[in-house]
Amino acid sequence: MSIRWRDAMSHALYGPDGFFVAGSGPADHFRTSVHASPAFATALLRLLTQVDAALGHPPRLDVVDVGAGRGELLRSLAGGAVGVSGEPAHSGRSGLIPPWSGFPETLTPTASARRSPDDPSLVADRPALAERVRFTAVEYASRPENLPDEINWVSEIPDEITGLLIATEWLDNVPLDVAVHTADGWRYVLVDPDSGAESIGELVSPTDLGWLTTWWPGPASPRDADRDLTGGSTSTDATSGSGSGFGAARPAQGSSLTARSRPGCPETPHSDHRAEIGRPRDEAWANAVRKISRGLAVAVDYGHLKTGRPVDGTLTGYRGGRQVPPVPDGSSDVTAHVAMDSVASAGAAVARCAYSLVLQREALRALGADGGRPPLSLAGTDPVGYVRALAAASAVAELTDPAGLGGHWWLRQPVGIPLGPAVAR
């Protein structure tokens, strides 16, 4: 029986035996920035200290990871980055992220002394960040074994967050409907969950038609120039090409590269234009932003803007490190790129504050990860250190590669706090 894609994705990904609920987790099937290099977590740690300062160092600082997989990112933050030595992983010798002047307080478990900016002679004691931070993973799967006790595990985003909410490749898996443009307008695409075969269904609802009209122009509609609708800033220098995504990360840039065009994939109903209706993702992001009392929401995902929507859509699947046809039977990931400007607009409407939208390579470089090679002179004085730094620089280079993970978008939505620029100046 054929059903709408949103219903098929919901069951395939989040049903009792769904792809993200059962099994060993997404890390066995595709590679994200979290898995690529510890430098990603180190950069987020730096961002966390910036948020902490903007909040005035609150007694409790939340770090909420939405779509946490099996807790890999929070393990890194709570374990290697925070709890062991008390020092963020920013050694220049390691090459992960070089030290920079004015780096915020280290995450030691002891209280730190700070002089009051109003009275230099006055010393004020404040618990260090490690004592104030609270980690929460949001995921439908059961809590993994051996997860550190300090990581809370829940199935819904908690209320009244003060701190940092992170959503790394979450929005691309929020189920959505697919539509095709026909002679009488946009119609839903139906799919057989067992085979992936598609057929054309009824005309889209007025609500979905409104979203398509605003955010995904049909073939006869002029494409508006990219503009900031909410006071946020966008980066528009994304490369148009994308990698194949096979055996590594999912492709970062929106394009017509989908498994549906591969041999052996069920036929797609004929249409001159295909669209993925991102309204559920707008709603999901707006709800996440709404949960923040004060702080910052960050979405890291691969997507596209209104001026470059892919004509054939981006719906595809991943299993075992390879791109496969998007058959929603629960055996593989089913994903589609994110309409980042639409999502950003929805979040900004809730926060009533401007967002920033830049590519990952820009965001990471602003946080100190540039992937630069270590100086050749180090090879003569410390050969082992040089090799280690070179390997670490290569890992950072993967995170900032514009044809891969570096082409992901970083959407930063402040809530009730000022925040500096998302790119290096």
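Q: Which residue in strand 16 is the bridge partner of Arg319?
A: In this predicted model, the bridge partner is Arg322.

Q: What makes strand 15 and strand 16 a pair?
A: Pairing takes at least two bridges between the strands. Strand 15 (residues 316-319) and strand 16 have three bridges, in the antiparallel sense. Therefore they count as paired.

Q: What is the strand order of the open sheet of three strands?
A: The order is 16-15-17, with antiparallel pairing.

Q: Why is one side of strand 16 and of strand 17 left without a neighbour in the sheet?
A: Strand 16 (322-324) and strand 17 (333-335) stand at the edges, so each has a single partner strand. Neighbouring strands in this sheet are turned by 35° against each other on average, direction ignored.

Q: Which residues of helix 6 are called buried?
A: In helix 6 (residues 206-215), Asp208, Trp211, Leu212 and Trp215 are buried. That label requires under 20% relative accessible area.

Q: Why are the buried residues of helix 6 said to line one face?
A: Down the helix axis, they fall within an arc of 95°, so they line one face of helix 6. The face turned away from this buried side carries Pro206 and Thr213, both exposed.

Q: How many residues has the largest nonpolar core, and which have the most contacts inside it?
A: The core has 34 residues. Leu47, Leu48, Val63, Leu77, Phe135, Leu164 and Trp410 have the most contacts inside it.

Q: Which element supplies the largest share of this core?
A: Helix 3, with eight residues. Another core, of 30 residues, lies apart from this one and includes Leu165, Ala284, Ala297 and Leu305.

Methods
Residues are numbered from 1 along each chain as its sequence is written. This is a predicted model: local features need pLDDT of at least 70, side-chain atom pairs count only at pLDDT 80 or more; totals for chains, interfaces and linings use all residues. Side-chain values use heavy atoms; hydrogens and water are left out. Buried means under 20% relative accessible area, exposed over 50%, partly exposed in between (1.4 Å probe, protein chains only). Helices (H or I, at least four residues) and strands (E, at least two) are DSSP runs, numbered from the N terminus. The arc is that of the directions from the helix axis to the C-beta atoms. A nonpolar core is a set of buried Ala, Val, Leu, Ile, Met, Phe, Trp, Tyr and Cys residues joined through side-chain atoms within 4.5 Å. Axes are lines fitted to C-alpha atoms, for helices over the stretch in contact, and angles run from 0 to 180 degrees between N-to-C directions.
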